[in-house]
Amino acid sequence: MSERSVSRQKREKRWYTVFAPEQFDRAELGETVAREPEQLDGRTIETTLGALRNDASENNTKLTFKIRDVGSDSAYTEFIKHELTRDYLRSLVRRGSSKIGAFVTVLTADDYRIQVQPVAYTTKKADHSQEKAIRRQMTDIVETAAEERTFEEFIDGIVSGRLSGGIYNEAKTIYPLRRVEIQKATLEAHPEEIAEEQATSVSVEGDDVELDE
């Protein structure tokens, strides 16, 4: 390839300003470059809640967004993951106490599937039955919260800390807690994907299968 062709390709690249979803006030996430708008589709952008809110105290929360729509010079994203940093999670561990985690896959009121990982830290060492009860309580609260809320409302509850606060208030009656956090929340499927899965499942279940005797 000639130097002129390489130069022309470089000039054809365009910069796009990337924006967070509306639920994050369309905050600017930065810029990214591509020759064609289609190249941006599915590209992920990671930032911190602190950067979005201009608050360094919230830099322990990482947020990941995926580009879903591209305009003439702008790219718009959707939320796909909330995650606490490893350093922050390590700072919550105390000797002589219990760390109780759970993996909960939920479906929101508007049919988004999300995997949520709540984690609770006790003041002292809990026994097995207490840990089991706290884990069950966390799971029930997360499932109920998802069933009653849209995707945006549910994610807002995670990011704002309302969901972890609700778990803390309920689970502390089982055993004294020092802290509850949502360690990670990941978008697994959109409503249209859920609908397709359900349609496929119904189709398979409805098929008559004849077996040779």
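In which strand is Thr47 found? Thr47 is found in strand β3, which spans residues 44–48. The strand belongs to a predicted model of a chain with seven helices and nine strands. This briefing presents the chain as a whole, then its nonpolar cores, one of its helices, its aromatic pairs and several single residues.

**The chain as a whole**

- Of the 213 residues of the chain, 38% count as buried.
- The accessible surface of the chain comes to about 13,000 Å², and carbon and sulfur atoms account for 43% of that surface.
- Contacts can also be sorted by separation along the sequence: among those between residues at least 6 apart, 58% join residues at least 24 apart.

**The nonpolar cores**

- The largest nonpolar core contains 45 residues. Within this core, the residues with the most contacts are Ile114, Phe154, Leu163 and Ile167.
- Helix α4, residues 128–148, gives the most to this core, contributing six residues.
- Both domain 1 (14–84) and domain 2 (85–191) take part, with at least three residues from each in this core.
- Phe154 illustrates the packing in detail. Leaving aside residues up to four places away in sequence, Phe154 touches Val106, Thr108, Ile114, Val116, Val142, Ala145, Ala146, Arg149 and Leu163.
- Another core, of six residues, lies apart from the largest one, and among its members are Leu84, Tyr88, Leu89 and Leu92.

**Helix α6**

- Helix α6 covers residues 162–171, and in this helix Leu163, Ser164, Ile167 and Ala171 are buried.
- These four residues lie on the same side of α6, because they cover an arc of only 95° around the axis.
- What do the buried residues of α6 pack against? Their partners are strand β8 (113–122), helix α4, helix α5 (151–160) and strand β9 (177–189).

**Aromatic pairs**

- The count of aromatic pairs comes to six.
- In one of them, the ring centres of Phe24 and Phe65 are 5.3 Å apart and the ring planes stand at 85°, so the pair is edge-to-face.
- Phe24 lies in the loop between β1 (14–19) and β2 (28–34), whereas Phe65 lies in strand β4 (residues 61–70); the pair therefore ties together parts that are 41 residues apart in sequence.
- Both partners are buried: Phe24 has a relative accessibility of 10%, and Phe65 has a relative accessible area of 0%.
- Phe65 also forms an aromatic pair with Phe79, with 6.4 Å from centre to centre and 80° between the planes, an edge-to-face arrangement.
- This second pair links distant parts of the chain, with Phe65 in strand β4 and Phe79 in strand β5 (residues 74–84), 14 residues apart.
- Phe79 counts as buried, because its relative accessibility is 1% and the cut-off for buried is under 20%.
- Phe24, Phe65 and Phe79 belong to one aromatic cluster, together with Tyr112 and Phe151.

**Two residues with positive phi**

- Asp25 is a residue other than glycine with a positive phi, near 60°. Asp25 is placed in the loop between β1 and β2.
- Is Asp25 buried or exposed? Asp25 counts as exposed, because its relative accessibility is 70% and exposed means over 50%.
- Asn54 likewise has a positive phi without being glycine, and its value is near 55°. Asn54 is found in the loop between α2 (49–53) and β4.
- With a relative accessible area of 73%, Asn54 is exposed.

- Thr47, in strand β3, counts as buried at 15% relative accessibility.
- Not counting residues up to four places away in sequence, Thr47 touches Leu29, Leu52, Thr61, Lys62, Leu63 and Phe65. Among these contacts is Phe65, a residue that lies in strand β4.
- Thr144 is found in helix α4.
- Thr144 and Leu107 are 37 residues apart in sequence, and their C-alpha atoms are 9.8 Å apart in space.

Terms used. Residues are numbered from 1 along each chain as its sequence is written. This is a predicted model: local features need pLDDT of at least 70, side-chain atom pairs count only at pLDDT 80 or more; totals for chains, interfaces and linings use all residues. Side-chain values use heavy atoms; hydrogens and water are left out. A nonpolar core is a set of buried Ala, Val, Leu, Ile, Met, Phe, Trp, Tyr and Cys residues joined through side-chain atoms within 4.5 Å. Buried means under 20% relative accessible area, exposed over 50%, partly exposed in between (1.4 Å probe, protein chains only). Domain bounds come from an automatic or database domain assignment. Contact means heavy atoms within 4.5 Å. The arc is that of the directions from the helix axis to the C-beta atoms. Accessible areas come from the Shrake-Rupley method with a 1.4 Å probe; for residues, only the protein chains shown count as cover. Rings of Phe, Tyr and Trp (its six-membered ring) pair if their centres lie within 6.5 Å; planes under 30 degrees apart count as stacked, over 60 as edge-to-face and the rest as tilted.
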